[in-house]
Amino acid sequence: MPKRNLYLKSLPVEEAITRFQDALSPYLKAKSEDIEVIRALDRITSEAVYARCSSPLYNCAAMDGIAVISDRTRGASETAPLTLKEPDFVAVDTGDPIRPPYDAVIMAEDILETVEDNAVTIRFAASPWQHVRPVGEDIVSGEMILPGGHQIRPVDIGVLLSGGITRLSVYIRPSVAVIPTGTEMIEPGEEMVEGSIIESNSRMLEALVRHSGGEPERFSPVPDEYERLKSTLQDVTGRFDMALIIAGTSAGRDDYTASILRELGNVVVHGVNIKPGKPVILAVVNGKPVIGVPGYPVSAYLAYETFAAPVLSRLSRSPAHDMPIVKATLTRKLVSSLKHREYVRVKIGQVGGRLVASPLARGAGAAMSLVRADGFCIIGQDEEGVHSGVSVDVLLCRRLSDLQRTVVSVGSHDLILDVLSDLMPRLSTGSYLSSTHVGSMGGLLALKNGESHIAPVHLLDEDTGEYNIPVLKKLFTGKKMALIKGVGRVQGLIVQKGNPLNIGGLEDLTKCRYINRQRGAGTRLLFDSKLKVMGIPFADIPGYEREAATHMAVAAAVKNADADAGLGIFSAAKAMELDFIPVGEEEYDFAIPAEFLKLSHIQDFIKALQSAEFLKNLKALGGYAFDCCGEIIPVDC
């Protein structure tokens, strides 16, 4: 049995990159090929391209009118028109050749009248070469049209063809084998059984390779069988310019990648101080770069961008797709280890003239955090973390112009935020919604710190029985605030289909497994309030300390039988096909500083709230009242 992969030392990122690039230096030679110009868009020229012919090929008319001998038009003016007779002129259209003795063109608009078929009257004299395009005015035969290493644009194609170029030499797009591994992996669409995992990383890497200028070939998942994996790697390193092998890079019993690569070639690096992505493998086999990509989605993405993309750029001579770096204010403290350089996915928005960054889930398997992320906050290996409110460098993976038109929402979760996020760019081109779910109180704190535009809230004031406005007056004393009215919604207990435990209300939660919402969430505060009124101690609720960040996470836990009940909204129960026991109605609104109401993207948000499409979606979700959607309630604090 092959030895388990135990990497004893992880290298700093820069050192790992340098070692890998140095090991590859003798082999990274880009190849070229001749292709048709009309198929060359986005390809990289491997050598300078020189014109084979001039453009225009001959002296030609730049206007419709008449070709004349300029010397014979002397003296013509509006007060002293001049009549020309053939052969002192000849009619021409744009592009017609201009041959001696003619040396100028008079536009049709400047011809006063046609006296007869062979005579015209002109009102202006012509200067030599007036309205004539000389040979080579645009392109001269033999001049360089494009340098080597140039990425061909649509405008370049037209000029190349005008210069007589129909084929040219470009760098070959490197062929890249993308090999997923794992006995447990199944293809999307195949029947799911317990223990199986849908293989998706390879499709992400396949798209990344294509985006970087490579030609990927994705293989079907290879089982964790040593000889089969070895045979596959022997094959691909003989046929492809590069190979990405997914998973099997760590220290599991079936993690054979490092052992196989050592047997076939040179493992330059195994283990890098990067989080996520530590167990990456950088190897050279048959003179080809082979990268062992960790199996978690975020780790795979970062391993590709950090180590594979630069190598592919050298092989293809294509420009690296560098992400711009911006400064943003961190909205929440981040703790990190001195052992790694950590890449934290963040949401970005512009609030009050500054960019703010809200951290997302940090797990290596949190693939949705890649989809939701606007960028990456990098915490250096020598840092133990970053405090809230500190300015940090963020690598952007979205256009800054889009972020500047994004409504930043931090606060309570509801499914309607997804509906609004979908509607805004469709109803108002160029406006977007970014939402982070930290609970109502967390959202109001972010609003107070200038870290968001709006805070979705549903906070009941026990003294007045009024929702949301009393808490705004307490927290934002002296500030002009407003509520954008959202929806009325029903909160209740989400339970298994058929309610097998016959749960009738909150009093029955002492005999089942409960899943709670996070501290500061309006749903959690509502639950605590009702327990106090009923005289039920928190400690009597099994699972009270177990927390979920969203209503859908609560419903998913119940659906998967990991919990028997959880407090949430009707639409979440309906989406998961679960039963629902109503507990009470509440008002879910959007707190906002009054000054932000004038922002164009906030106006687009309000329009989306008031749209017919939004109301249609609410009806489909169920459990909402929507009489006041988008109404503005001023709140003088």
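Because the model is predicted, local features need pLDDT of at least 70 and side-chain atom pairs count only at pLDDT 80 or more, while totals for chains, interfaces and linings use all residues. Residues are numbered from 1 along each chain as its sequence is written, and side-chain values use heavy atoms, with hydrogens and water left out. Helices (H or I, at least four residues) and strands (E, at least two) are DSSP runs, numbered from the N terminus.

We can start with an open sheet of six strands, which has mixed pairing and the order S16-S13-S17-S21-S20-S18. Two strands pair if DSSP finds at least two bridges between them. Strand S16 (215-218) and strand S18 (266-270) are the edge strands, each pairing on one side only. On average, neighbouring strands of this sheet are turned by 20° against each other, direction ignored; axes are lines fitted to C-alpha atoms, for helices over the stretch in contact, and angles run from 0 to 180 degrees between N-to-C directions. Within the sheet, strand S13 (residues 175-180) and strand S17 (residues 242-246) run parallel and are joined by five bridges, with Val 178 opposite Leu 244 in S17. Helix H1 (residues 13-24) packs on this sheet, where H1 touches S18, strand S20 (281-285) and strand S21 (288-293), and the direction of H1 makes about 5° with that of S20. Contact here means heavy atoms within 4.5 Å. Helix H3 (residues 201-211) also packs on the sheet, touching S13, S16, S17 and S21, and the direction of H3 makes about 165° with that of S16.

H1 has a helical partner too. H1 and helix H6 (residues 297-316) pack with their axes 11 Å apart and at an angle of about 35°. The crossing of H1 past H6 is right-handed; a crossing is left-handed if the near helix is turned anticlockwise from the far one by less than a right angle, and right-handed if clockwise. From H1, Val 13, Ala 16, Ile 17, Phe 20, Gln 21 and Leu 24 meet Thr 306, Phe 307, Pro 310, Val 311 and Arg 314 of H6. This contact of H1 with H6 has eight nonpolar, two polar and one charged residues (Ala, Val, Leu, Ile, Met, Phe, Trp, Tyr, Cys and Pro count as nonpolar, Asp, Glu, Lys and Arg as charged, and the others, Gly among them, as polar).

Two further helix pairs can be described in the same way. The axes of helix H4 (residues 226-239) and helix H5 (residues 257-264) come within 10 Å and cross at roughly 50°, which means that H4 is oblique to H5. Angles under 35 degrees count as roughly parallel, over 145 as roughly antiparallel, 65 to 115 as roughly perpendicular and the rest as oblique. H4 passes H5 in a right-handed crossing. Tyr 226, Leu 229, Lys 230, Leu 233 and Gln 234 of H4 make the contact with Ser 259, Ile 260, Leu 261, Glu 263 and Leu 264 of H5, a set with six nonpolar, two polar and two charged residues. Helix H9 (residues 416-427) and helix H15 (residues 600-610) have axes 9 Å apart and pack at an angle of about 115°, so H9 is roughly perpendicular to H15. This crossing of H9 and H15 is right-handed. Leu 420, Leu 423, Met 424 and Leu 427 of H9 make the contact with His 601, Asp 604, Phe 605, Ala 608 and Leu 609 of H15; by class, there are seven nonpolar, one polar and one charged residues.

An open sheet of three strands has antiparallel pairing and the order S6-S4-S7. Its edge strands, each pairing on one side only, are strand S6 (89-92) and strand S7 (104-107), and neighbouring strands are turned by 35° against each other on average, direction ignored. Four bridges connect strand S4 (residues 65-68) with S6 in the antiparallel sense, and Ala 91 in S6 is the bridge partner of Ile 66. Two cis peptide bonds deserve a look on the way: Glu 86 is joined to Pro 87 by one with omega of about 10°, and Pro 87 lies in the loop between strand S5 (82-85) and S6. Pro 100 and Pro 101 are also joined by a cis peptide bond, with omega of about 10°, and Pro 101 sits in the loop between S6 and S7.
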